[in-house]
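Take a look at the model below. This report covers where its chains meet, then one chain and one residue in detail.

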Amino acid sequence: MNQFVPPEIDWAALSPVLIVLGLAVVGVLVEAFVPMRARRATQVVLAVVGVGAALVAVAWRWVVVQDEGPTAVVAGALREDAPALLAQAILLVCAFVGLLVIADRSSGEDAFAPAAAAIPGSAYEAEARKAGLAQTEVFPLTMFAVGGMLVFPAAADLLTLFIALEVLSLPLYLLAGLARRRRLLSQEASLKYFLLGAFSSAFFLMGIALLYGYSGSVRFDELATAVPATSGLDGMLLAGVLLVIVGLLFKVGAVPFHSWVPDVYQGAPTPITGFMAACTKIAAFAALLRFVYVVVPGLQWDLTVALWVIAILTMIVGTVLAVVQTDMKRMLAYSSVAHAGFLLLGVIALVPSGISSVLFYLLAYGLATVGAFGLLTLVRERDADGNVTGEALHLSQWAGLGRRHPVLAVCFTLFLISFAGIPLTGGFIGKFLVFGAAIEGGAWPLVVIAVLASAAAAFFYVRVIVLMFFTEPAGTDADPGTTVVRTEGLTAVAVVVCAIGTVLLGVLPGPILDLTASATKFML
Amino acid sequence: MPTQFADLPWLTILIVVPTVVAALIWLVKPLRRAARPIGLATSVLVLIGVALMAGAFETADAAEVQFTQTVDWISAIGASYAVGVDGMGLTLVALAALLVPVVLIAGWNEVTLPSGIAADRAEDSLAYRRAGFVSLVLVLESLMIAIFAAQDLFLFYVIFEAMLIPVYFLIGVYGGPNRRGAALKFLLYSLAGGLVMLAGVIAVYFQTDGGPGTYLLANLGDIASDNPTLQMWLFLSFFIAFAVKAPMFPVHTWLPDAAAQATPGTSTLLVGVLDKVGTFGMIAICLPLFPGAAATAAPVIIVLAIISIIYGGLVAIGQNDLMRMIAFSSVSHFGFIVMGVFVGTQTAMVGAMLYMVAHGVTIAALFLISGFLTQRGGSQDMRTYSGMQRVTRVLAGTWLFAGLASLALPGLSGFVPEYLVLIGSFEAHWAYGAFAVIGVVLSALYILLAYQRVFTGPVPEAGAPVELTGEALDVPDRAGLKDLTGREKWAIVPLALVVLFLGLYPAPVLELLSGVADQFAAILGSAS
Amino acid sequence: MTNPYIPLLIMGGLALLLGVGGLAASAVIGPKRYNKIKVDAYECGIQPSPHSIGAGRFPIKYYIVAMTFIIFDIEVVFLYPWAVSFAELAGFGLIAMFGFLFLITVPFVYEWRRGGLDWD
């Protein structure tokens, strides 16, 4: 019998994850012990400080790794290398601005149900609302999700990856159901997300099982060495790899695993949608990159067909369906599907610059996404009495917004043209790099399709700009119908940070490019 | 000139100043009221700056890129901020700098309030809208100068795409009743062309060694020369984008809509300067980077250019909308320019370059004067006008002057370049010249017919309905229309002077251009 | 050599056949006798009580008990093997188990403080 050897644990390398998860646990205890009045403030401070501290820790680890080279952590379950740390940093930046939007209480109310367990529309719910109750569990839940996401890009064995997947998903399932308004839609979204998420977890687990059966290991490095040893083709290996990739593609919302995206994005509270759209995609793509670049190269020729088909479908379906949407959130949801397709180009390229280009694209996309959804939370409807109610999400309600609220409209335009990939925004440089990597990897037919899809995608982004600036507003000056609420300031900060980031990434991307350029190789 | 003077980063200053002023006007509330004078002063300053720069330009070395400034921008992808102008760049920068103040003066009161604004906010809203217009024009001026000065392919592409945004807003916010459709059509056409070019820009990178400075035009030359098929694809990816911009048959259909819906000032900048980016790109990028492919494709392109010349002229004759007529006449003129670029003789090339400047000035005069008329008359339909030369004498006279310059009357700006392009084409092949001459006849027809319809004949009586096909319009009071005001005259004077100057004494400009033309014509000549 | 995807396709086809075939077979040849109990929703334990809009909170006591059970169930599942090989795992195991116990206690404390343990 083998002697048990306790694993060496490099606590410093784990510090970003430990800070976030530790403060999430503290957040649960805050829920238990701190009186209701002080709870919200405490939670906001904890979350913001936690994410900020984790970001500092990641920066510190970056310096260490630059000096001492990448290492395997916790008996090889995690890898601390440049791509992982960079993905974590990008994730934390987006989570930070996302948290600001989540914490904001524009028009005096946050975006979440006052009592999530109440039946929608019941007297109890109205009472809870009147009493000013708040489901401050949102913050520890978000922190748990961030914790899982932090592990995701660093995970170097399939079981760790699976656990991280669940840790990041479960809080999101719950958060998706907490919208203050349109409760039923929100609960439906939550249920759908949970069921389809569980479904994809099953795929993922099946894939792990097959790969374990094939190689006798769940670790990426051992899988990678087992793959070239195969003579001919092994159905078990191929099926296992495909199933694991399917599980990850579900999280990034690639076609045909995208069906949850529009419904969940629409139903979830808008700040959560922004957080989820940005951060889940970052984490999942970082993990997908590691899996594909470390394990799959030996299988390149067999998997290319499947990945190409998925990338093409994702770009086309996302773009085409976004064109016909009339709801802002659904439009952005389909646009995020299309972006997943563009990002897949960098994954398929299988060249070193693919890693760095995808990471840059994720940062540009993440900032624009959080900013755009942050702005969605501010544009509201009014009822007959002039009270501010839910978000004005129908496209027509945005007509003429540019005239009444030029700054907001200009920021939104900025995010849209970044999505569209027009120069002087981060989205352009991102597209440039990803397409470049794909051409380098020989996938030029994909680039041609991507270019055509980008041109078509510009149509629906531009349509919103047309609505905001060129269309006469529906209401009159006295009763505009759509109104923009004042924020507590947090959303404004988040949006401004995202806008500045988007412009800087487009105009002076040099420093960030230097960072991503050093993240071109995964540690085996 | 003292050397320090020439060493200043002229181009960067000229690029930055208008943008900064534009941002100030738009963001700082107190400045909004004075947006128009501030904008005009800025554009005049820029014009003076360009004039000083032209003074310091070494004409003897006009083929060399001067006033260069190169800074590493995004070293990871080999992009630099590199600006500089040769003789051609300088003349086009000067054209842009001349037209902006003219447009601002001509469009002083062009921006009005839309309906539905409460009276108490009207004044603020109007100031805001005007400030927006001036800001967009200034931003556009920066970008126009930058694109003609760009010496880096990546920078060129970035500006090429970024330019769409101010133009899009200029058409979409300040245009006529169908402005939204026109703006969208413009944007989608240009964006599609631009994205195709993006694929080309990326692909060019992989044909080089990479590293900082990869995209400098000076370091790029004859891309993929050992692989003609690849070079042809790359050439096409750039050429299509430029052809959309130019606009050439068959991708010209966005222009008439945009020109008819935009304000006359916007149309002036759009057709007068921006579309020149297309032909400028064909010369400065397509020829040196893909000489072999350009030479191979030249016959096809020339055929398309001849179709543009004849088709544009014929369709212009059939137009009832004054602005659309001018737009189609431009399609015809751009045919001449493209032909001059690709026939491969030095004479035609220098003619094409001069044509760009001359066309920019005459088309500006035509658009602006027509704009003065249509704003007075409240309609762009030529059928609702008649006998205007008795009512608005100066307006009719200046329009005729601009029209004659456009149809290449000797002594006016259009003559020399058209003559040079035709001579150069005959040198290359008699058939090219023979077909192109048809364009000259057509241009006389559409200009003079339009003049006849609008300015001669009896003045219609107020209230009398005009028979239009299918619809009858009540003609407003045509006899009471005012002639050009002092401000409007001042806007036209500089244009008229340049038209005369280019017609009577083009030597200084030709001197600037001939060296550059030699260089580019030689590229095409040696490749074919 | 045959295409390696073919077995995969066959497997997918068989799975589809099994699923659809089973449903179809029971729909075609199965006896159909409906009564109240048969068409009722099946739920373990309590009778599902439909609630109308405006009915306040719905009772989730059983669910809470079930979840509390799961917390301790999992705890025991981990404690047994740990206890068996306690000597071998030594200090590392002890510390890890204390960490685990602490983390298990946190949600329990949350539940207790927020009234999850009060029956009414």
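The contact between chain A and chain B takes 27 residues from chain A and 31 residues from chain B. Like everything here, this comes from a predicted model. On the side of chain A that touches chain B, the elements that give two or more residues are helix 17 (426–440), helix 18 (444–470) and helix 20 (510–517) of chain A. Helix 18 of chain A supplies the largest share, eleven residues. By class, this side of chain A divides into 19 nonpolar, four polar and four charged residues.

Chain A also meets chain C. Here 20 residues come from chain A and 21 residues from chain C. On the side of chain C that touches chain A, helix 1 (5–29) and helix 4 (86–113) of chain C are the elements that give two or more residues. Helix 4 of chain C gives the most, with nine residues. This side of chain C holds 14 nonpolar, three polar and four charged residues.

Now follow chain C itself. UniProt, in an unreviewed entry, places the feature "transmembrane region" at residues 6–29, 62–83 and 89–110 of chain C. Two of these stretches can be described from the model.

Next comes chain B. Its secondary structure comes to 21 helices and four strands. The C-alpha atoms of chain B fill a box of roughly 70 × 60 × 45 Å along the principal axes. Does the size of chain B agree with a compact globule or depart from it? A compact globule with 528 residues would have a radius of gyration near 24 Å; chain B has 22 Å, so the two agree. Of the 528 residues of chain B, 60% count as buried. Take the contacts in chain B between residues at least 6 apart in sequence: 79% of them join residues at least 24 apart.

Finally, zoom in on one residue of chain B. B:Gly84 lies in strand 2 (residues 79–85) of chain B. Is B:Gly84 buried or exposed? B:Gly84 is buried, because 21 other C-beta atoms lie within 10 Å, and the cut-off for buried is 20 or more. Leaving out residues up to four places away in sequence, B:Gly84 touches B:Val65, B:Gln66, B:Phe67, B:Thr68, B:Gln69, B:Ala149 and B:Gln151. One of these is B:Thr68. B:Thr68 and B:Gly84 are 16 residues apart along the chain, yet their C-alpha atoms are separated by 4.1 Å.

Terms used
Residues are numbered from 1 along each chain as its sequence is written. Chains are lettered from A and ligands numbered from 1 in the order in which they are written. This is a predicted model: local features need pLDDT of at least 70, side-chain atom pairs count only at pLDDT 80 or more; totals for chains, interfaces and linings use all residues. Two residues are in contact if their C-beta atoms, placed from the backbone, lie within 7 Å. Ala, Val, Leu, Ile, Met, Phe, Trp, Tyr, Cys and Pro count as nonpolar, Asp, Glu, Lys and Arg as charged, and the others, Gly among them, as polar. UniProt positions are given in the numbering used here, feature names are shortened, and annotations may be inferred rather than shown by experiment. A residue is buried if 20 or more other C-beta atoms lie within 10 Å of its own, exposed if 12 or fewer, and partly exposed in between; C-beta atoms are placed from the backbone. The radius of gyration is taken over C-alpha atoms; the globule rule is 2.2 Å times the number of residues to the power 0.38.
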